[in-house]
Amino acid sequence: MAAEICISQLPTLVDDPNAEFQPSPFFTEQLTAFEVWLDHGSERKKPPEQLPIVLQVLLSQLHRFRALVLLGRFLDMGPWAVDLALSVGIFPYVLKLLQTTTPELQQILVFIWTKILALDKSCQVDLVKDGGHTYFIRFLDSIDAYPEQRAMAAFVLAVIVDGHRRGQETCIEAGLIHVCLKHLQCSSPNDAQTEPLFLQWICLCLGKLWEDFSEAQLIGLQADAPAIISPLLLEPQPEVRAAAVFALGTALDVGSDTSRDGQGEEDDDDEKVKAEAGIVKNLLNVVSDGSPLVRAEVAVALSRFAFGHNKHLKSVAAAYWKPQSSSVLTSLPSFAVKGSSSGYTTPTHYMPHGSIVPSPIAPLLRVGHDSQPVSRDGRVSSSSPLATPGIMHGSPLSDDSSQHSDYGALNDCVTNGVLSYSRRKPLDNALYSQCVLAMFNLAKDPSPRVESLGRRVLAIIGIEQVVAKSFKPAGVSIRPGEPSTSASASLAGLARSSSWFELTGGAHLPLAFRTPPVSPPRPSYMTGMRRVCSLEFRPHLMSSPDSGLADPLLASPGPSGVSDRSFLPQSMIYNWSCGHFSKPLLTAMDDTEDIIARREEREKLALDHIVKCQHSSLSKMQNQIASWDTKFETGTKTALLQPFSPVVIASDENERIRVWNYEEATLLNSFNNHDYPDKGVSKLCLVNEFEENLLLVASNDGNIRIWKDYSSKGKQKLVTAFASIQGHRPGVRSVNAVVDWQQQSGYLFSSGEISSIMAWDLDKEQLVSTIPLASDSSISALAVSQVHGGQFAAGFVDGYVRLYDIRTPEMVVSATRPHTQRVERVVGIGFQPGLEPAKIVSASQAGNIQFLDMRCAKDKYLTIDAHRGSLTALAVHRHAPIIASGSAKQLIKVFNLEGDPLGTIRYYPTFMAQKIGSVSCLTFHPYQVLLAAGAADACVSIYADEILPPR
């Protein structure tokens, strides 16, 4: 038909040279049919018949642009669409089009290649063979394209060089390193080119470009790449920071087996050593980043450094483990250095040549220049006191039997020379010491993934973790209170450090990593913290070996003397980031409207309840509407009422979390916050109240863990975890963290037995401010304003109350000392309901409650002597004019804001005459007049105003 139309025009064209040829409408009609299919088709429907014809249309200049746009829409439907297009022969067509220079085709071609390479990496070979990489380098260097489109070009180039030496070489010859660095240098906070996705992929592209390629690493170091990349470690997006760490980490050369001879290479080595020292210093600055994604990349980067500088790090680590007095040993981690005679030693710390390295673990001990008992190959010498025969098994507090962890297999290889071949020139010993301390910190990270990686890094430098097992190893008998008979006398009485003895009993295995999407949508209606999805974990224990964030370090012991980079844990930020491009990019999220509608509904409900709270005429809060025996062995430590469902969440001192529906009297879920021995919960908070909220659990040691799906039985998932407190006062063993979360600002404030208050932005997963305390006294109570973002109040151990505002330069707004009868700690503090920014309620352990107006802080305007020397808890309602205080004498008193008593709630003994514990926690419902009270007897009761009918 189409041919007939064309042939029928021949007589006219021959007779009249000026006659206009009318092209066949066939291709136009086929493209229109294809477009209709795109509007209504899906993976579940019949594939489009027009797809092979669309490929033919690409040869026609007249229809090429429209065909490419429609093809891009089709490929965006998912991997199945890309696979179908490749199966009908798309590849040679789009490869040929890279030779065209038509400007309007560039953007859509880059998009199409992004979709192809997101599915099929093998295309990299043909791209390089045909010189296609230069097309994407030119596009990346173009300032006319949008940053998101240039990020796609960076992604394509990263795939081209990923594990492909020829691709790396050709891209370096084309100047890709300098192009990438130029655009990183040009970026500034106010520049549109600093699109996070663009920065992320520039870093990932650079990292892949010089990964395991020493010549490219040298070019990058000569171009001062580390200095250009390192400012990105402060970027607000965790994905960008993680990508920057990846780029810096892959710039570290892990070494090779060949010896290095020749003066020229030695000169290069000197420059390389200096550059590597700078890289490692930058990495150490982010070892305590708030994002597990970033910390995991730091651990992987440090493993590369440990591999290349293995001998020197082993020397420093062994010196840390030199036995000292038992008073020091009791505060040290349960790790051991594997000696050349298969001995395990006790840990201490090492201060290199008088330099001072701040340690969160224990005081550093000076070791002289000649006192390092380490042999030339980096292993502990058998004549050293470090190399004690036998196995050191934890402590008198450990189980009936224990044995070293499975990392022994790795260390058999490590200390037999597998990882000891490094011929690197040594760096400053102080830097090595800081690296070892950083590795220790990673090995006790609150995130299971990062902690696992940290232990792998320690294993590379010959340090094992001693882990208690549930069975008794042959020939070893250890009972509680008795040291190992095979250990040296210096180990007798060694107390296990619970903060480091982190995987007791053989039941705990690291949790599986699940890949979420990169760069999740962050709509403007999401108040406060976005859904942190940098790491998600399955909650149940796995029976399979460790898998996920990094490849398993060692499946079986390798042959002695073989150097193998496969021992190194692998980064996941690149593969994780690639997932972004395999998902639809041209269509919006389907559930956005549902989220907005649910949020608006909850906001309306909250406003209605707030009005009722503000105008409620309270009588007596003695109507018990629910009572729940939590069955906590140590009593209820803290509780929380959900805002939009009849659910109460409670935790005990052992950080067992239970979720209960108090209307239906049913237990919804029960799980452990973590399985490490150091226990103690500080506070429970809800993040994102108006969405599918997250549960923030703060531990006494300052570690923060955030859970999703926590009210579904067995389905809870750890979203993120980090240490909110870093370092503590000298001589203080317990941090006793106090924490509160502010939804308006997205800030988490934490303090305790430290000399500062730390403010974390959970949206950025980043420490944004460290506020020094004006006195030596530590904070014992902390409360944020739920009305004025950035404002919070702190109560101190010496009775002081201070009001802070993080938005002001001086931070401290005012201070007063209302609790003066006796120097008693402030045990509870809260902002009074209403919009006034400086009205605070403060309660001391002595039993007095003070109503303060911090604008005239010289005098309190109201005092209530609620309890005599036994006040244990205080709660202030967010909107209703009511406060409640709890006592160690088993009673709760309720007052209005004028100080008038609204009632007293007493705990009565049961008919079995059991002893009832003291009130341990009080919390109000955020939008209703409901009070939840927890007691030391594990009972949680919920009270309402008497005018409310019982539920």
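This note reviews the fold, the confidence and several local features of one protein chain.

1. Basis of the model. The structure is a predicted model, in which local features need pLDDT of at least 70 and side-chain atom pairs count only at pLDDT 80 or more, while totals for chains, interfaces and linings use all residues. Residues are numbered from 1 along each chain as its sequence is written, and side-chain values use heavy atoms, with hydrogens and water left out.

2. Overall composition. The protein chain contains 26 helices and 35 strands; helices (H or I, at least four residues) and strands (E, at least two) are DSSP runs, numbered from the N terminus. Of its 951 residues, 57% are buried, where buried means under 20% relative accessible area, exposed over 50%, and partly exposed in between (1.4 Å probe, protein chains only). The chain exposes about 38,900 Å², and carbon and sulfur atoms supply 52% of that area; accessible areas come from the Shrake-Rupley method with a 1.4 Å probe, and for residues only the protein chains shown count as cover. Among contacts between residues at least 6 apart in sequence, 65% join residues at least 24 apart, a contact being heavy atoms within 4.5 Å.

3. Confidence. The average pLDDT of the chain is 75, and 71% of the residues score at least 70; pLDDT is the predictor's confidence in each residue, from 0 to 100. Confidence is highest in helix α17 (residues 238-250), at a mean of 96, and lowest in strand β6 (residues 513-514), at 26. Over residues 466-563 pLDDT stays under 50, and the model has 279 contacts beyond four places in sequence for this stretch. Residues 910-915 also stay under 50, with one contact beyond four places in sequence. Where pLDDT is low, the predicted coordinates should not be read in detail.

4. Helix α5. This helix covers residues 64-75, and its 12 residues should span 16 Å at 1.5 Å a residue; the end C-alpha atoms are 16 Å apart, which agrees. The expected span is 1.5 Å times one less than the number of residues. The buried residues of α5 are R64, A67, L68, L70, L71, G72, F74 and L75. Their cover includes α3 (26-40), α4 (51-57), α6 (79-87), α7 (91-97) and α8 (103-119).

5. The sheet from β9 to β12. Four strands form an open sheet in the order β9-β10-β11-β12, with antiparallel pairing; two strands pair if DSSP finds at least two bridges between them. Its edge strands, β9 (636-641) and β12 (666-672), each pair on one side only. Neighbouring strands are turned by 20° against each other on average, direction ignored; axes are lines fitted to C-alpha atoms, for helices over the stretch in contact, and angles run from 0 to 180 degrees between N-to-C directions. Strand β11 (residues 656-661) pairs with β12 over six bridges, and W660 stands opposite L667 in β12.

6. P677 lies between β12 and β13 (681-687). This proline is partly exposed, at a relative accessible area of 24%. Its C-alpha atom is separated by 8.9 Å from that of N654, 23 residues apart along the chain.

7. The sheet from β29 to β32. A second open sheet of four strands has the order β29-β30-β31-β32, again with antiparallel pairing. Here β29 and β32 (901-906) are the edge strands, each pairing on one side only. The twist averages 15° from one strand to the next.

8. Strand β30 and its partners. In β30 (residues 882-887), six of six residues are buried: I882, A884 and G886 point one way, and I883, S885 and S887 the other way. Strand β29 (residues 871-876) is joined to β30 by five bridges, with A873 opposite G886; the two form a hairpin with five residues between them. Five bridges also join β30 to β31 (residues 891-896), where A884 stands opposite V894. The hairpin of β30 and β31 has three residues between the strands, and Q890 takes a positive phi near 60°. Strands β31 and β32 pair over five bridges, and V894 has G903 in β32 as its bridge partner.

9. Residue D853. This aspartate is found in strand β27 (residues 848-853). D853 is buried, with a relative accessible area of 12%. Not counting residues up to four places away in sequence, D853 touches A838, K839 and Y861.
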